Structure formats: structure tokens, C-alpha cells
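Welcome! Here is a short tour for anyone meeting this structure for the first time. Take a look, then read on.

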Amino acid sequence: MKLKLDKNFIWFAVSRNSEERKLHFYADNKKIAELDIRLDAYDPDFFFPMDVSRFKGKMIDITGVDGTSEGAISCNDLKPETSYSFRPEIHFTAEYGWINDPNGLIYADGVYHLYYQWNPYGTDWGNMHWGHAVSSDLIRWEHRPTAMEPDEYGTIYSGSAFRDSVNASGFGKDAMLFYYTASGGRNEWSLERGNLHTQRIAVSNDGGETLLKKETIIPNIIGENRDPKVFWHKKSGAYIMVLYLEETEFMILRSEDLLHWTESQRFCADKMWECPNLMELPVRKQSGGDDRYESKWVFWSADGYYMIGEFDGYRFTPETEVLEAYDTKLPYAAQTYSGIEDRTVHIAWYRTENDKGGFRGMMSIPTELSLIETEEGLRIAFKPVKELWDRTRKLAAVRSGENISLTGRPVVAEIEYDALNNKCDAVGTQYDAPDTECDVPGSECEGVGTGTKTLTLRIGDSVLNIKNPEKKAVLIIDHGIIECLSEDGLRYTAIESEDDILRKSIRIDSEEINVRMNIFEII
């Protein structure tokens, strides 16, 4: 198929259930793109755009199109409409298409950058690009143009970002360096050239707006090795990379110039795989608690499994068994921000199913990580970033047995003992939370919590059974999602809900105790 690019975008009409086909795009006899897509010219579910403004005025060839699908491809000067009544407002979503792992999280010059795994041409996994968004407060995000597209080295898998403030790499002082996996073998383009999974670098000298792919810095080590995470280790005076190899094996590497890397350790960790992170977390002091540690190192993997231990710049030495941070299976592939000195900010991908709005998947509310001493030892704790509270206003307060109808806006809710009706003082701060058991039909989070007292919170069709309510609970409710931080943040629960949850009501049912819930609306 030949197509004259007289407009800025190619539109593709797509249906979920159409047969997937592979398209190849050529301009001036040079391949410019390749994608897998489910075209449907007659009864499409969605329209997805490809930005071709840089080729405007050219004639291109598209192979893989036949007579039944040719009508599914057209040109337009504008993007398709992406409005959807129940799109999450404070949980980041792609404009359209599938989203997964957060990538390249970096804070620089007052801007939080969120890059992410993205399929712009369907609501299922594939065609991995890096999308890009920016924010001044971690809550409200602005979509930016595509950051990186698949090429002859492979599709663009996960990675991290680091600002080179001393020009160690030679790409310029304060250049932003983006380490990513080129997944050779995941597209025909790379298969034809015999490329394997390698770690490559892209550079931005314009504040993260434009990422220029540069070179391969680590050739294939084994299989689908991937997901480089890079940081500076001050005590040993080197840049560190953690990398996933295969099965449950990981590697730690060191560098003096951010370009040439030397292996310092390989190790296996039962149940852990992909998206590794190695981070030093502060120990939050508890009244009457053990103050042995100021901080400890944590090795983390995609599904929230982690180990606590020590890191000397060369080797990570675990001091715990493999622990589990999440109560549900919805959060995955979390990454933490570079460029933030005073806190460790975590964002996870939520593996949601709803794609009625032409997008699928969302990011978690950013949370700050620390360690808390428990009876079992140190454990990771989560609390919402302070920027979330900065956007709230008091909506209402309700007590046990009362209903409140939500207004359609996202809310943050605190639940605490009602000191007027219980012989117990309310404890904690606005970030404290109780042990939480969520009982939602079809969810994987039943049986969490060990308390003896229980209250039931009904939010639309979703039910949360909250135990140990003498500690405050923090709930975050947005279209299609409910989050609960429990036990002073030691429990992290996220469940997918009906997408119109913010048009439903909340009710607290409890015969044993009286509680009050303070509800704050996001503005």
C-alpha cells in the first residue's frame, strides 16, 4: 500500500478481536517503522494514531496490508478524541493504548519525568515504545511526544535515567542519560540483523524532551537480560548498575564513566525476577522502638519481592529472606526516582483489565519508601507523597452506619477510632494506616490481616474488611481503582474496581466499634 503523507498523523482503525498482522513502513527506500496491529475497517473499537509529521509530504510504502484492511488506514491532521468519562484523574494513564512498566523516572530542574512502556497501537502488550509525561507535583501529568520507538536493535524495553552532573560520560554537564534494554529478537527488524537483548544508552541535552539513541554499552550476556537501573554509590566512588539476567539471577556492575561497565557480583534470589532495584532506605523511628539503624540497603524486584541487607559498592549481602511488599497482585514493575535527595519515591504499574476508554493499565499514586522495625525485623513501609495531601480539601466526615455519596471527584479518606465512643485514643498521623483485608469478588487479596476487631467498608460494589482499626487507614479512590495503606504503611493493597466508583457511595458497617472517616476531595 502506498500512502501520501499530507497530514500529521496516520490513523489506524483497530478492533480487539481482529487477527493481528505485522506492518512495515518505508520512506525513501528506508525502513522507518514496524508494528503489530489488529486492523478493522468495518467495525473498529478504537482509532490509534502514528505521528508522521517528520515525514510529511513524502510517499511511503506500507507492507502487510491487504484489500480487507486497507480501509482501516487513513491520514488526519489531529489525534483521535481520547476523552472518557471514567479515566482515572490522579493515576497516570497513557493517552491511548497499553501501558506497563514505569521507566526512566528522574527529577530535574523542578520537573518530574515519567517515561513508561507503551503500545500506542493496541490495548494489549506489544510494540514496546517509551512514552513520556511530565509533572510539577507528581499528581497532575502532561503528556509529551513519544520518547523512543522500536528500531533495528529491537523494541524498547525497561530502563532507568541518571543525570550526569560532572560530565563523566562526555555527553555534556548535566546531560540526562537513559539506560534501556533493546530487546533484539522481539521484532523482525532486529531478527533480520541478528541482534540480541543488549543494554543501550540514549542522551538528552534538552531537559529530557528529546532522547537521542547513542550506543550499546553492554552486549548480550545471556538470554533476555534486561532492565538496567543505574545510580551513584558515594562510599565506593562508582556508578552502579543492577541488571536482570534470567530466571532468578541478577548482576551488579560498576563504572567510573557511566559507559564502560565491569561485573562485580552475580547472585540468585528465590522468587525474584526482572526490574531490579538496589536502594538505601531510611529507618523510620518508632516511639519506644529499636534505633539500631539509620538506614539499610534493599534489593527489590518486579512483583514487590525484596531482601534487606548491606551493600559495599561491590556486593549486596542479604540479611533477610525474600520478603513481600504487596498484598495484591495488581502492582508490578515499580521504579524509584533518581534526582531526589531527601526521599525515595516509588511508582508501580497497575495491571488493570478495563480498556473501554481505549487505554489499559495505570500507574500507582507515588509513595515514599522507608523501613520500619517490627516484631519480625525491618520491613518496607509506604506513605503517599506529601504532594497528594497538598491537593485536598475536606469533603465530609462520617461515622459507623452512615452513608456518603461521592461527588465524582477522586478522594483520600482517613479512618480512625472515634475517641468519643471508644476507650482508645486515635493514634498516628495522616499517613498511618490499619491492617487491611480486602474482600472483593475475584480478587487475590482475601485473608490479609490478623486483627480481632473488624469493620466493613463498602465502596460501590467493592468491600474492604479492615482489621485492627485502632490504627488509622488511608484510602485513595479514583475511577476504577482503590488503594489502601495499612499498618503504618506496612501493608500495601490495590484493587481494581468498577470504573464509575466515584459515582457510588461509601458506608462503614461495624457492630463492634465506632470509627469516623474523614474524606478529602482532590482539587
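How many helices and strands does the secondary structure of the protein chain come to? The count is two helices and 41 strands. Please keep in mind that this is a predicted model. The points below begin with the whole chain and then visit some sheets, cores and single residues.

**The chain as a whole**

- The radius of gyration of the protein chain is 24 Å, close to the 24 Å that the globule rule gives for 523 residues, so the chain is as compact as a globular protein of that length.
- Buried residues make up 60% of the 523 in the protein chain.
- If you take the contacts between residues at least 6 apart in sequence, 62% of them join residues at least 24 apart.

- An open sheet is formed here by four strands in the order 1-6-3-4, with antiparallel pairing.
- Strand 1 (2-4) and strand 4 (30-37) are its edge strands, and each pairs on one side only.
- On average, neighbouring strands of this sheet are turned by 25 degrees against each other, direction ignored.
- Seven bridges hold the antiparallel pair of strand 3 (residues 21-27) and strand 4.
- To find one of these pairings, look at His-24, whose bridge partner in strand 4 is Glu-34.

- Strand 17 (residues 238-246) and strand 18 (residues 249-255) run antiparallel and are joined by seven bridges.
- Within this pair, Ile-240 has Arg-254 in strand 18 as its bridge partner.

**Strand 13 and its two partners**

- Strand 12 (residues 155-164) runs antiparallel to strand 13, and eight bridges join the two; Ala-161 has Phe-178 in strand 13 as its bridge partner.
- Strand 14 (residues 197-204) also pairs with strand 13 in the antiparallel sense, over eight bridges; here Leu-177 stands opposite Val-203 in strand 14.

**Nonpolar cores**

- The largest nonpolar core has 62 residues, and those with the most contacts inside it are Ile-10, Phe-12, Leu-23, Phe-25, Met-50, Ile-73 and Tyr-337.
- Another core, of 27 residues, lies apart from it, with Ala-396, Val-398, Tyr-417 and Leu-457 among its members.
- Not counting residues up to four places away in sequence, Leu-23 touches a list of residues including Phe-12, Leu-35, Ile-62, Val-65 and Ile-73.

- His-113 lies in strand 9 (residues 111-119) and is buried, with a relative accessible area of 3%.
- The side chains of His-113 and His-132 are joined by a polar contact of 3.0 Å.
- Leaving aside neighbours within four places in sequence, the contacts of His-113 include Trp-141, Met-176 and Tyr-337.
- Is Ser-136 buried or exposed? Ser-136 is exposed, with a relative accessible area of 61%, and lies in the loop between strand 10 (129-135) and strand 11 (142-148).
- Ser-136 and Tyr-112 are 24 residues apart in sequence, yet their C-alpha atoms are 6.1 Å apart in space.
- Beyond residues up to four places away in sequence, Ser-136 touches Gly-110 and Tyr-112.
- Asn-518 lies in strand 41 (residues 515-522) and is buried, with a relative accessible area of 11%.
- Leaving aside neighbours within four places in sequence, Asn-518 is in contact with residues including Lys-394, Ala-396, Val-412 and Glu-414.

Note on methods: Residues numbered from 1 in each chain as written. Predicted model: local features only at pLDDT ≥ 70, side-chain atom pairs only at ≥ 80, totals over all residues. Heavy atoms only, no water. Pairing = 2+ DSSP bridges. Buried < 20%, exposed > 50% of the residue type's maximum accessible area, 1.4 Å probe, protein only. Contact = heavy atoms within 4.5 Å. Polar contact = N/O pair within 3.5 Å; in protein donor to acceptor, adjacent residues only side chain to side chain. Core = buried A, V, L, I, M, F, W, Y, C linked by side-chain atoms within 4.5 Å. Axes fitted to C-alpha atoms, helices over the stretch in contact; angles between N-to-C directions. Rg over C-alpha atoms; globule rule 2.2 N^0.38 Å.
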